[in-house]
Every structure is written in structure tokens, then in C-alpha cells.
Amino acid sequence: MNDLTMIKFSSEDCGTCHRMSHYDQKVCEELELNFVSVKLQDAEVYRKYRKILLSKYPKKEGMGWPTYLLVSNPDSEFEVHGELKGGMQKGEFREKLKSLLTTT
């Protein structure tokens with residue numbers, strides 16, 4: 001695996017987030033990315049990754065459900081390399097993620 005991590009910010013009551021959870025982690029692993037799922041209701045995990053989300057969305061305005069951030073070094077001096085947001089089918093998610101990886 002490389003040093004990039006895809007962090008998914010979602011909500012337990014988001015239907016689109018739930019549908020995408022059937023394939024998003026699998027697609028990330030196929031592309032050799034680490035994957036972290038952060039549900040806003042999970043206070044402990046959310047607190048750990050909150051600074052990354054707020055670096056991109058200081059007031060959480062303009063986020064999609066779900067919002068995926070492609071990050072290096074998520075546990076220290078992180079850098080956000082790209083994002084995907086909103087619902088999409090598995091094939092579209094894979095293609096957009098591949099495209100994102102070629103620009104990083």
C-alpha cells in the first residue's frame with residue numbers, strides 16, 4: 001500500500017453514504033489506498049480526523065454526502081491531495097478516484 005489514505009466523512013442517517021459503503025472501501029483497497037470511514041456520530045473517530053475535514057470545509061459548508069478526502073500523513077502533518085463528494089455508482093467512483101490519483 002502507498003502512503004495515501006482516503007477518508008470518508010459520512011453520517012449514519014445518510015442513505016447515499018450507506019449505499020456507497022457497499023463498495024467504496026473495496027475500490028480504495030483495489031487501488032492500494034488506505035481507507036478510513038468517519039461517521040459524524042462517532043465522536044471519538046470524528047475528533048481524530050476533524051482537523052482534516054475542517055482544513056477543507058472550515059464551516060462544513062459545501063460538503064457532499066459523503067465527502068471523501070485523499071490525504072497523506074493523516075495522523076500527523078497531513079496534506080489533502082484531492083476530494084470526491086456526493087453519491088455515485090461504483091464504476092464512476094472508481095474512475096474519478098483513478099483520475100484523482102493520476103494528478104497527485
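## Worked exercises on a predicted fold

Pro 66 has its place in the loop between H3 and E3. Helices (H or I, at least four residues) and strands (E, at least two) are DSSP runs, numbered from the N terminus. The model is predicted: local features need pLDDT of at least 70, side-chain atom pairs count only at pLDDT 80 or more, and totals for chains, interfaces and linings use all residues. Residues are numbered from 1 along each chain as its sequence is written, and side-chain values use heavy atoms, with hydrogens and water left out.

**Exercise A: the overall fold**

Task: State how many helices and strands the protein chain has, and in what order the elements run.

Solution: 
- Start with the count. The protein chain has 4 helices and 4 strands.
- The order is β-α-α-β-α-β-β-α.
- Check the size. The C-alpha trace spans about 30 × 30 × 20 Å along its principal axes.
- Compare with a globule. The radius of gyration is taken over C-alpha atoms, and the globule rule is 2.2 Å times the number of residues to the power 0.38. For 104 residues, a compact globule would come near 13 Å; the protein chain has 13 Å, so the two agree.
- Look at the contacts (heavy atoms within 4.5 Å). Take those with a separation of 6 or more: 64% of them join residues 24 or more positions apart.

**Exercise B: the stretch around Trp 65**

Task: Find which peptide bond is cis, and describe the surroundings of Trp 65.

Solution: 
- Locate the bond. It joins Trp 65 and Pro 66, with omega about 0 degrees.
- Trp 65 lies in the loop between helix H3 (43–56) and E3.
- Buried means under 20% relative accessible area, exposed over 50%, and partly exposed in between (1.4 Å probe, protein chains only). Trp 65 has 36% relative accessibility, so it counts as partly exposed.
- List partners, leaving out residues up to four places away in sequence. Among those that Trp 65 touches are Phe 9, Cys 14, Cys 17, Leu 40 and Gly 86.
- Compare with Glu 77. It is 12 residues away along the chain, and the C-alpha atoms of Trp 65 and Glu 77 are 26 Å apart.

Solution: 
- Thr 5 belongs to strand E1 (residues 4–10).
- Ser 72 belongs to strand E3 (residues 67–72).
- The side chains of Ser 72 and His 81 form one of 2.8 Å.

**Exercise D: positive phi**

Task: Give the phi values of Lys 60 and Asn 73, and say where each residue lies.

Solution: 
- Lys 60 is not a glycine, and its phi is positive, near 60 degrees. Lys 60 lies in the loop between H3 and E3.
- Asn 73 is not a glycine either, and its phi is about 55 degrees. Asn 73 lies in the loop between E3 and strand E4 (79–85).
- Lys 60 is partly exposed at 39%, and Asn 73 is partly exposed with 39%.

Key:
Polar contact = N/O pair within 3.5 Å; in protein donor to acceptor, adjacent residues only side chain to side chain.
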